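Here are a few exercises to work through with the model open beside you. Try each task before reading its solution.

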Amino acid sequence: MSENSSLLPAVSSFLASTKQLLIDGEWVDAKDGATFDTVNPATEQVLVQVAQASAVDVDRAVVAARNAFEAGSPWSKFSPRDRSHLLWRIGDLIDEQAEEFAQLESLDNGKSLASARGDVGVAAELFRYFAGWATKMEGTTIPMSVPGREFHAYTRREPLGVVAGIVPWNFPLTMAAFKIVPAITAGNTVILKPAEQTPLTALRLGQLLLDAGLPAGVVNVVTGFGETGAALVEHHGVDKVAFTGSTEVGKKIAAAAAGNLKKVSLELGGKAPNIIFADADLDAAIAGAALAGFFNEGQCCVNGSRLYVQREVFDQVIEGVAKAAKAIQVGDAFDPATTMGPLVSQEQHEKVMGYVRGAVADGATLAAGSADPAADNGYFFAPTLITGVTEQMAIQTDEIFGPVITAIPFDTEDEVVAAANNTVYGLAAGVWSKDLGTAHRVGSKLRAGTVWLNTWHADDVTLPRGGFKQSGWGRELGSFGLDDYTELKTVIAELR
């Protein structure tokens, strides 16, 4: 495909327009005029230049969000039903413009169009699902026992205020929705900071929100690098930071948030163990293991990157997963044959390649993939399966965030549970066994926020997600996802 030959006119028009910051309902340049490039990872060509927000711009956005939140603002006068109707309208508008969003996501992130379309559908459904919760944020009445006096005590759920949402590059639009939707459902205002690698769908979403009737300042979008995010985290006008990304950055956010003790929710890294017992449906387990490890170019924090297989079926499973890996078609997102796009950036490509080469140098064996992938252009990386690894190797302990699975045989249940839990992470895990007693028993022993039994990546917007240990604080989505965006107020009235 030649450059832009398959793009919708709306996408071409968007790419040709100036990419500014969204602050207080207006598109504005960065105060110092700074910009940066966003690159198509399939071609390594610059797509557009995007405004680069400084601390001054962040302050402008925080002031706008604060003004939009305070009593007397148009947003403060939205009833729960008003918010519900608005959220539903936004979901419908996303669906109406789904192909535009999908093409922008594929261009900016590299993922296949089919994957991008799926992500857009999830984003639209998030708005519609939370539309139902806007009118159902209830308190409780609580009896008090004070001799000789009578009271009426009750609780209220109230919005926190100004929320900073900082999102990663692996699911740009979906992650933006993860932060924006529960925040505005509860009545907060938002400053969204998308990843510098993938800002385009966040900017397009910002315009759609305005078109849907969201008041000025309720959602602001500031693009930039780590310094932009740091300015948001440190700003005393921000009441909460919601972050998805690496554990390393999450720790820095937690420390910086101490300045005004702002609330923090974190969905961080993962190194999920995927356990296949000998009695599993091996055809399903092999397909599931490939999906678990290679989904979204391996750039997914809940991917099953550590594969543990009971020894008597180890060779059979490795052969099957390697065959599945080699059948994956790696290529440009706009090629209908493509089932896996490139990694998001040169930096990510070099990182993943470094881990694979390091493992091979330490004695591991490639059952699929290559330590020296050939590609004239683009950050393409073949799905890789590695055996002969030890628990001490970096490729086994570190989050790689690429299409790489390491495989280790095991003999006993106790042995594999200990190995699976031997990690600083605890975001996801999985078990494959026809014996439901084994599956549930082992699943209950795994220290992870999500455990899949005889499946992987099964998900729904109704389900909470989050991690144990260094995989994060708090939960997102489902009814649980609203709690982190509200304050619980107790009201006590004496009845005389």
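**Exercise 1. The domain interface**

How many residues of domain 1 are in contact with how many residues of domain 2? Describe the interface between the two domains as well.

*Solution.* Please keep in mind that this is a predicted model.

Step 1. Start with the bounds: the domain assignment gives domain 1 as 9–268 + 473–490 and domain 2 as 273–460.

Step 2. Find the contacts, taking heavy atoms within 4.5 Å. On the domain 1 side there are 22 residues, and they meet 24 residues of domain 2.

Step 3. Turn to area. The size of an interface is often given as the accessible area lost when the parts come together. Here domain 1 and domain 2 bury about 2,000 Å² between them, and 61% of that is on carbon and sulfur atoms.

Step 4. Finish with charge pairs: the salt bridge count between domain 1 and domain 2 is zero.

**Exercise 2. The largest pocket**

Find the largest pocket and say which element gives the largest share of its lining.

*Solution.* Rolling a probe the size of a water molecule over the atoms shows where empty space is left.

Step 1. Note the volume of the largest pocket, about 1,100 Å³.

Step 2. Locate its centre. The lining has 36 residues, and Trp169, Phe243, Gly245, Ser246 and Val249 are the closest to the centre.

Step 3. Assign the lining to elements. Two or more residues come from each of helix 8 (226–234), strand 10 (240–244), helix 9 (247–256) and helix 12 (346–361). Helix 9 gives the largest share, with six residues.

Step 4. Sort the lining by class: 17 residues are nonpolar, eleven are polar and eight are charged.

Step 5. Return to the domains of Exercise 1. Domain 1 and domain 2 each provide at least three residues of this lining.

**Exercise 3. The second largest pocket**

Which residues are the closest to the centre of the second largest pocket, and which element gives the most to its lining?

*Solution.* Step 1. The second largest pocket has a volume of about 670 Å³.

Step 1. Of its 30 lining residues, Phe171, Phe295, His457, Asp459 and Arg465 are the closest to the centre.

Step 2. At least two lining residues come from each of helix 5 (113–133), helix 6 (172–185) and strand 18 (450–453). Helix 5 gives the most, with four residues.

Step 3. The classes are 16 nonpolar, seven polar and seven charged residues.

Step 4. For the second largest pocket too, domain 1 and domain 2 each supply at least three lining residues.

**Exercise 4. The cavities**

How many cavities of 30 Å³ or more are there?

*Solution.* Step 1. The count is four cavities of 30 Å³ or more.

Step 1. The largest cavity holds about 100 Å³ of space. Its lining has 13 residues, of which Gly298, Cys300, Asn303, Ser305 and Phe401 are the closest to the centre. By class, five are nonpolar, six polar and two charged.

Step 2. The second largest cavity holds about 60 Å³. Here 15 residues form the lining, with Pro273, Tyr425, Gly426, Ala428 and Arg447 the closest to the centre. This lining divides into nine nonpolar, three polar and three charged residues.

Notes:
Residues are numbered from 1 along each chain as its sequence is written. This is a predicted model: local features need pLDDT of at least 70, side-chain atom pairs count only at pLDDT 80 or more; totals for chains, interfaces and linings use all residues. Side-chain values use heavy atoms; hydrogens and water are left out. On a 1 Å grid over the protein atoms alone, a cavity is a set of points where a 1.4 Å probe fits but cannot get out, and a pocket is an open set with protein on both sides within 12 Å along at least five of seven lines; lining residues have an atom within 4 Å of a point. Grid points are joined across faces, edges and corners, and a volume is the space filled by probe spheres set on the points. Ala, Val, Leu, Ile, Met, Phe, Trp, Tyr, Cys and Pro count as nonpolar, Asp, Glu, Lys and Arg as charged, and the others, Gly among them, as polar. Domain bounds come from an automatic or database domain assignment. Buried area is the accessible area (1.4 Å probe) that two parts lose on being put together, summed over both. A salt bridge is a side-chain nitrogen of Lys or Arg within 4 Å of a carboxyl oxygen of Asp or Glu.
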